[in-house]
Amino acid sequence: MNPKWWKESVVYQIYPISFMDSNGDGVGDLRGIISKLDYLQELGVDVIWVCPIYKSPNHDNGYDISDYCDIMKEFGTMDDFDRLLRDMHSRGMKLMMDLVLNHTSHQHAWFVESRSSKDNPKRDFYIWKKGKNGGPPNNWESYFSGSVWEHDPHTDEYYLHLYSKYQPDLNWENPVVIDKLHEMVQWWLKKGVDGFRFDAIAHIVKTMGYPDAHNPHGTQTVRAYEMFSNLENVHTLLQNLHDKVLYFYDIMTVGETSGLGPEQALDYVGDGRRELNMTFQFEHMFLDAASAGSGKWDVVPWNLIDLKKIITNWQVVLHNRGWNANYLCNHDQPRSVSRFGNDLFYRIPSAKMLATFTHMLEGTPYVYQGEEIGMTNVAFESIDNYRDVETLNYYEEKRKNGVPEEQIMAAIHKKSRDNARTPMQWDNSNDGGFTTGDPWLKVNSNYMEINAAHAVKDPDSIYHYYKNLIALRKKHKVIVYGEYELLQPDDTEIYVYTRTLEDQRVLVILNFFEREPIMELPQEILTSPGELLISNYEPQKDEDLSRLKLRPYEARVYLQRLS
């Protein structure tokens with residue numbers, strides 16, 4: 001079982017620019033977060049993961065860092081940060097920083113020096129190459145579309161950027177860079193932070209020689225993820241970071257590692273690997289996409305059988321060998337209730353069902369801001385209302401290729417990262433109580449109906465359902481450490497699984513759709529249905545559990561005693 005505090009925690013993710021604005025400039029800030037700590041404490045969360053707050057020109061909402069040891073002026077000061085950390089710790093909550101080690105901003109002092117001349121001492125802090133045949137050094141495609149290479153006229157060479165051209169990749173083959181990054185990580189740990197989410201950590205190593213990727217269709221660029229994702233030396237570098245820095249602090253670490261399955265994940269999180277506590281996997285995030293990466297915009301229907309296979313594989317492979325990070329939404333993904341639930345007619349029951357799903361799995365649950373009140377996707381009519389660089393790049397590329405505006409916007413409405421980035425809806429006042437000024441990104445127009453103030457007052461709200469789920473996790477060890485088993489794997493509508501620890505078993509019943517299927521469970525499960533811990537509907541009188549008719553998006557959790 002190997003108990004750890006981070007296994008027993010629930011994490012709440014804050015996207016600071018959109019969380020709460022304290023000074024009326026339309027941008028969320030650290031004092032805004034401080035003002036809402038009581039709300040988060042009442043919800044019951046243990047760890048707050050704050051997306052990047054470092055100094056940044058903000059081309060990618062803080063993921064382009066220009067100074068690792070300073071605070072973005074729009075968010076406040078280092079004094080504000082120190083107060084935030086103190087106030088969280090005084091409430092028994094921990095702070096997990098979001099740290100980008102793969103790249104910096106093009107305005108970082110290191111890169112300013114690096115691009116100044118070919119013989120600058122910091123030239124090798126980044127990845128510079130000569131062009132080939134009058135074009136970029138190779139055919140790799142950026143995550144934000146286009147080439148990963150940007151030409152610099154001053155030195156007539158190209159620098160590599162897996163993301164935006166404003167986010168040049170650091171050169172992890174340079175030991176001086178590694179030492180500088182280790183020093184910076186330790187600086188934050190000495191301040192007292194409780195952990196890190198390492199952004200894009202799987203990409204810090206690139207294929208030696210930077211060869212062209214296989215290109216059977218002769219396109220200008222290729223999704224060459226195998227050239228810069230999860231390569232073997234990533235593990236050597238992470239073990240080095242762990243042994244020299246992380247090992248000396250009681251913290252939690254989670255890595256953003258796309259493009260792998262659970263067996264590969266064990267290379268990062270397996271017991272004794274000395275790397276990370278958990279990773280974010282993305283297999284279930286591509287269930288409704290034609291392919292990974294930029295293929296996310298080509299939306300396809302998802303099905304429950306595939307979701308069961310993915311989740312079950314991760315649950316089974318990592319049990320007693322590693323640890324899962326369970327989520328359905330974050331700052332890079334659409335709102336979970338709009339994607340996997342029904343945000344029109346069954347928003348409340350489907351949001352509760354999805355919450356039950358993630359909180360009853362083995363692993364640490366992650367709640368993204370607004371998920372606990374059932375916030376939904378947004379559908380702005382004009383591209384002018386969007387701010388996400390990935391979305392804007394996609395729009396421009398498709399327009400150039402002659403794709404109809406209506407088709408482009410339909411994909412954006414489903415998959416834009418701005419779906420999750422619209423400001424938090426606190427109450428029914430102007431702009432949802434997020435700001436007294438003009439918000440940096442428009443607030444979803446449904447804030448009059450969907451807001452935290454209303455949810456807190458309503459005992460039957462999604463908010464209170466989350467609160468109850470979190471409390472159950474703290475009360476019952478079987479929910480944290482119990483072994484997962486899938487039942488009825490071929491059912492296309494109902495997801496049923498158990499969690500078993502010693503003489504206790506939790507039975508989780510989830511109807512993922514609006515139809516009302518009949519559920520029949522094995523006799524050994526039904527012999528003693530046990531105590532109903534939580535459900536998103538009131539149980540019906542005289543119901544027959546051997547043939548239970550489930551209501552739309554119904555969720556039930558039973559605690560059973562085993563003889």
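Modeller: Buried means under 20% relative accessible area, exposed over 50%, and partly exposed in between (1.4 Å probe, protein chains only). Helices (H or I, at least four residues) and strands (E, at least two) are DSSP runs, numbered from the N terminus. This is a predicted model, in which local features need pLDDT of at least 70 and side-chain atom pairs count only at pLDDT 80 or more, while totals for chains, interfaces and linings use all residues. Residues are numbered from 1 along each chain as its sequence is written, and side-chain values use heavy atoms, with hydrogens and water left out.

Biologist: Which residues of helix α7 are buried?

Modeller: In α7 (residues 262-269) they are Pro-262, Ala-265, Leu-266, Tyr-268 and Val-269.

Biologist: What puts them on the same side of α7?

Modeller: They cover an arc of only 155° around the axis, so they lie on the same side of α7; the arc is that of the directions from the helix axis to the C-beta atoms. Their cover includes α6, β11 (278-280) and α8 (304-318), where contact means heavy atoms within 4.5 Å.

Biologist: Why is Thr-236 called partly exposed?

Modeller: Thr-236, in helix α6 (residues 233-244), has a relative accessible area of 46%, which falls between the two limits and is therefore partly exposed.

Biologist: Why is Cys-51 called buried?

Modeller: Its relative accessibility is 1%, so Cys-51 counts as buried; Cys-329, at 2%, also counts as buried.
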